[in-house]
Amino acid sequence: MHPILASKARLGLYLLAWLPLVAMLSRLLAASGDMSWYEALALAAPLGVLYAFVCLSAWYLCRFVPIRPSGVPRLLLANLSAAALASLLCVTIGMGLDARYAQAAQQLLVIGVLLYLLAAALHYVLLALESSRAAERREMEARILTREAELKALKAQVDPHFLFNSLHSISALTSADPGRAREMCVLLSDFLRRSLGLGERTSVPLEEELSLARDFLAVEQVRFGSRLRVEEDIDAAARLCRVPPLLLQPLVENAVRHGITNLLEGGWIRLEARSTDGRLEIAVENNFDRDAPAPRRNGLGLANVRKRLEVRYGSAARLEVRVLEDRYRVELELPAEREGES
Amino acid sequence: MSAAEAAIRALIVDDEELARSLLRELLEPHPEIRILAECANGFEAVKAILELKPDLLFLDVQMPKLDGFEVLELMGGEMAVIFVTAYDQYALRAFEVHAVDYLLKPFNAARFEGALERAKRRLGQKLPPVAELAAAARPPTQYLERIAVRDGAKVHVIPVDKLDYVEAQDDYVLLKTEGSRHLKQQTISGLEGCLDPARFVRLHRSYIVNLERIVKIEPYSKDSRVAILTDGARLPVSRAGYARLSALWDKL
């Protein structure tokens, strides 16, 4: 939406700013030809109004050719040619309507170019304002979504799926194997403490996300025993990349809930991450029972992750789900941000 | 009467090894309870119940492929059932429908002793048939995603997506899927109530059909129609059935 045309107040203000310009123009015409002030004004006013609207088109040019340090020649070329074209067009139209414009054609052309460039500058300012406001809004949204993920992680901790069953395992171990019972208490506490801490930050090294996933899976492994197998294939560069906190946790939970919980003989979960050419690729894969009903509840955790990636990285990140026979694979690809860059 | 004769024959069903070992441990000081077997999933449970006919069942609700309720649905006869679950909503429902008792994970020894006492008292009395117990304990808002049928000790689990149609046969329903037919002891109205009405429609007094399988409806006689399915089967459509079908199609 055009920032000036979108609001009546702004359009009024903009046209008001043109009044002194029209006055200047009529003075120029009056001086260069044989005509009265009144006649000059009658000539200048329609041309001024026309040109005021023509200059609004600079908006589209500004959006198409954004200011970038690397693109200065392109920027100048685009703006100058647009300005020359607009100015020439208006002066030609003017001369077609009334021959008296021809007397000041050269000056009019130069003024036209300058005015157009001025308008372009104004639009660049508006564009910058708008994008900073959008960035603010995006950041706000990102913060809300992280908060949500944190709340959901909290909820998962009191989920009967997880917490009660883990406590029951501890209860069973206390007499049979006190050492392992104590170990399990520590694992559970580690997971709770870590997930609470992570949500408060804006980004964390992938290694910390993996540690959280490992804590979670270690607790589940006590419960499921040999039924849960975990594999990892993480390259060293990927470990250091920064990612939004609690990004992996919903995916890992889904993998357990819809994978091994429905498999008689148990199953496996595989975590992969690699970083190449400034991109970070993460995958969470698990096997599942093909006869089990389609996991609909899956949607919520996945939708949250997708949304958070979109808010934070826009089109630079993607999330894909692949189902290959009895394997369910969620793939994330996002810009690799290293320590200190964010 | 010797202790061996008076023994209560019990079965432990839970997919988690640790949960089974805890029950075993808590039953140790009770010589009057004899543990017949431990089962790690619903299929083993069905087999063990049929073979060993236990008096008392410790039954986990959440298990892969065949859950605790489905196990009971497949069983005839009478047993005292103590549900063991981490879900209080299941436990509460089970209690309301006169399961002998329930144990919420995690539970302590006192709670366990209480449940065991209750079970012993109830064993002398008349117990409700276990299949009834299961039907009542299932959350009413959930439609079935799969149907378990038993052929002797062998259990088949049929995802409802695979179901073509259901035909009433006296006290049984015949479940037709691509390539197989299974009989299940249930009334067609009982099953109709458990299936998602947006995917399955009662065409006729004796038939429920999977909407996705219908190719076309043709007139049959003055008052009736016939539905032709993807596999070529022809099912009668009653007037009421046609009205239900039209109402569903109008919604699409």
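Two strands pair if DSSP finds at least two bridges between them. Helices (H or I, at least four residues) and strands (E, at least two) are themselves DSSP runs, numbered from the N terminus. This is a predicted model, in which local features need pLDDT of at least 70 and side-chain atom pairs count only at pLDDT 80 or more, while totals for chains, interfaces and linings use all residues. Residues are numbered from 1 along each chain as its sequence is written, and chains are lettered from A in the order in which they are written.

Start in chain B. Strand 8 (163-169) and strand 9 (172-177) of chain B run antiparallel and share 6 bridges. One bridge joins Val166(B) to Leu175(B) in strand 9. Both strands belong to an open, antiparallel sheet of 5 strands, ordered 10-9-8-12-11 in chain B. Strand 10 (180-185) and strand 11 (200-204) of chain B are its edges, each pairing on one side only.

Now turn to helix 7 of chain A, residues 178-198. Its buried residues (20 or more other C-beta atoms within 10 Å of their own, C-beta atoms being placed from the backbone) include Met184(A), Leu187(A), Leu188(A) and Phe191(A). The buried residues of helix 7 of chain A fall within an arc of 110° seen down its axis, taken from the directions from the axis to the C-beta atoms, so they line one face. The face turned away carries exposed residues (12 or fewer such atoms), among them Val186(A), Ser189(A) and Arg193(A).

Finally, the chains meet. In contact (C-beta atoms, placed from the backbone, within 7 Å) are 18 residues of chain B and 20 of chain A. Helix 2 of chain B gives the most to chain B's side, with 6 residues.

Terms used: Two residues are in contact if their C-beta atoms, placed from the backbone, lie within 7 Å. The expected span of a helix is 1.5 Å times one less than its number of residues.
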